[in-house]
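Here are my notes on this two-chain model. Please read them with the coordinates open.

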Amino acid sequence: METLFFLIVAAIAVIASILVITNKNPINSALSMILTFLCLAVLYVMLEAPFMAAIQVIAYTGAIMVLIVFVIMLLNVRTESVRRGKHAIFLSSMTGILMLVLTFTVIGRSSLTGMKGAVDTAMLTKYGHTELIGKYLFTDYILPFEIVSILLLAAMVGAVILAKKKL
Amino acid sequence: MEILGLPLIYYGAMILKVLVAFVFVLLTVAYATYAERKLIGFMQVRIGPNRTGPKGLLQPIADGIKLFFKEEIIPAQANKFAFVIAPLVSLIPAFISFAVIPFGDSITFAGYKIPLQIAGYTDSTGSILDVNVGVLYILAAASMGVYGIVLAGWSSNSKYSLLGGLRASAQMISYELTVGLTIVCVFMLSESLSLQTIVANQAGLFGWYIFRNPFIFVAGIIFFIASLAELNRTPFDLPEAETELVSGFCTEYSSMKYAMFFMAEYANMVTASAVTTTLFLGGWHGPFHPVINFVGKVYFLLFVMMWIRATYPRYRYDQLMSLGWKCFLPIALFLIMGNAFWITLFK
């Protein structure tokens, strides 16, 4: 039952992500991307990571994609009519095939070590996903967390300075 | 016959619960339109709808039938796919956020405890479980709602619709931040994201979160105002400001598609009232039967929304933005700090 559900959601995710690059209309591409993100959120829930799922929907689908759709609407990007060069098709398909070979080689050579971290399913159900993330974020990983937040702050200040010359 | 250790009658009761709750929300949505017209009528010394049925009570049904049989027009230059799915995208998030809201204490049915919350269930030991990120789920559903309006605005291929859609998306992104930050004040008191726990913590006369300390009182009021902005209700109804944008994002819509936008607006009103009730006004706690308490509080907040619509004029766009970013956002950040100090000092 669970495997079937996973397969359906995964199939939708893959098809939607293919549609992102094949769609000629930028808005339809953005919509397919939203669908991909929603499928990823479902997969997070299946992995017992409800907090990740909620944040995925709030941050990616709810904020970032809205901004992207917003920009596409404002710029009024028309449907792309690309002339396809033969060199481009040849080179890109060669790159694709090489990447595929590389991926399969790496998967074939590697083996599962069976290593496991401190957090497992039993711990997740006992303490809750959000609580565990909060605990680790503010104890063991406080330094990286603060560094990331300072980086974000710097980016924000930079964006404000760039957007507004006269302050 | 048993599935996962529970008898079929348990599942039957759960499905019945979902159906009853959904039908009740739909009826509330239908009669909220009637109540709004009637109330604003009285407030403006008019009579309001009074022709269809006794006291005009059949008006929502007549409106529904009328909209259902109207001709459906899709503009020739519109993006058909986006134009058709936009009303659906706007209606579905309005209803799905209701799934995590507890609308009453659990009831015992055939020896099993049934929590009155659509996404709540009882496990084999008899303890009640619900979505443990319930509040984030509501925020996520609310953030999906903006797509309906944006898509409608863009796909109609009309300047009024586009302007309405742009306004709506900017407004909803801005006020989502304020909503999120004011909810943080509730998290600090409840120490949980599960709505069952949040409601269970608010028992007693002054147990409601809004009465716990002055900071969260202000946070509750700001949350309600910011929800109004997210709902595109007066005084923040710029996306469909009829004096300047004809009807904003739904200018080109007709028939059932227009009705779906209309339903989405009222369903969102019901959901926002229910969320405010659950987070700040003690959920189903109160003097009467839990369900009656909850419904009473929700209806009161709905009344306040209609009252505000009859009272206030519309904000200007720059005023709306400066209110959101320069006023509500700093205040919400201050409230989080103040709330933290209060909790540490008086615990």
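1. Domains of chain A. The model is predicted, and its chain A is assigned two domains: domain 1 covers 1–82 and domain 2 covers 118–167. The C-alpha centres of domain 1 and domain 2 of chain A are 23 Å apart. Contact between them involves four residues of domain 1 of chain A and five residues of domain 2 of chain A. On the domain 1 side of chain A, the residues touching domain 2 are three nonpolar and one charged, with no polar ones.

2. Fold and extent of chain A. Chain A has seven helices and zero strands. Read from the N terminus, the order is therefore simply α-α-α-α-α-α-α. Is chain A spread out or compact, judged by its radius of gyration? Chain A is more spread out than a compact globule, because its radius of gyration is 21 Å, whereas the globule rule gives 15 Å for 167 residues. Along the principal axes, the C-alpha trace of chain A spans about 55 × 55 × 30 Å.

3. The α2/α3 pair of chain A. Two packed helices are described by the angle between their axes and the distance between the axes. Helix α2 (residues 26–46) of chain A packs on α3(A) at about 175°, and the axes are 8 Å apart. An angle over 145° counts as roughly antiparallel, so α2(A) is roughly antiparallel to α3(A). From α2(A), the contact residues include P26(A), I27(A), A30(A), M33(A), F37(A) and Y44(A). From α3(A), they include P50(A), Q56(A), Y60(A), T61(A), M65(A) and I72(A). By class, this contact of α2(A) with α3(A) has 20 nonpolar residues, two polar and no charged.

4. The interface between the chains. How many residues does each chain bring to the contact? Chain A gives 15 residues and chain B gives 18 residues. Within the chain A side, helix α3 (residues 50–75) of chain A supplies the largest share, twelve residues. The chain A side that touches chain B is made up of eleven nonpolar and four polar residues, with no charged ones.

5. Fold and extent of chain B. Chain B holds eleven helices and six strands. Its radius of gyration is 21 Å, which agrees with a compact globule, because 347 residues would give a value near 20 Å. The C-alpha atoms of chain B fill a box of roughly 60 × 55 × 45 Å along the principal axes.

6. The α9/α10 pair of chain B. Helix α9 (residues 255–280) of chain B and helix α10 (residues 290–311) of chain B cross at roughly 120°, and their axes come within 9 Å. The two helices, α9(B) and α10(B), are therefore oblique to each other. The crossing of α9(B) past α10(B) is right-handed. On the α9(B) side, M269(B), V270(B), S273(B), A274(B), T276(B) and T277(B) take part. They meet F294(B), K297(B), V298(B), L301(B), L302(B) and M305(B) of α10(B). Sorted by class, the residues of the α9(B) contact with α10(B) are eight nonpolar, three polar and one charged.

Note on methods. Residues are numbered from 1 along each chain as its sequence is written. Chains are lettered from A and ligands numbered from 1 in the order in which they are written. This is a predicted model: local features need pLDDT of at least 70, side-chain atom pairs count only at pLDDT 80 or more; totals for chains, interfaces and linings use all residues. Two residues are in contact if their C-beta atoms, placed from the backbone, lie within 7 Å. Helices (H or I, at least four residues) and strands (E, at least two) are DSSP runs, numbered from the N terminus. Ala, Val, Leu, Ile, Met, Phe, Trp, Tyr, Cys and Pro count as nonpolar, Asp, Glu, Lys and Arg as charged, and the others, Gly among them, as polar. Domain bounds come from an automatic or database domain assignment. Axes are lines fitted to C-alpha atoms, for helices over the stretch in contact, and angles run from 0 to 180 degrees between N-to-C directions. Angles under 35 degrees count as roughly parallel, over 145 as roughly antiparallel, 65 to 115 as roughly perpendicular and the rest as oblique. A crossing is left-handed if the near helix is turned anticlockwise from the far one by less than a right angle, and right-handed if clockwise. The radius of gyration is taken over C-alpha atoms; the globule rule is 2.2 Å times the number of residues to the power 0.38.
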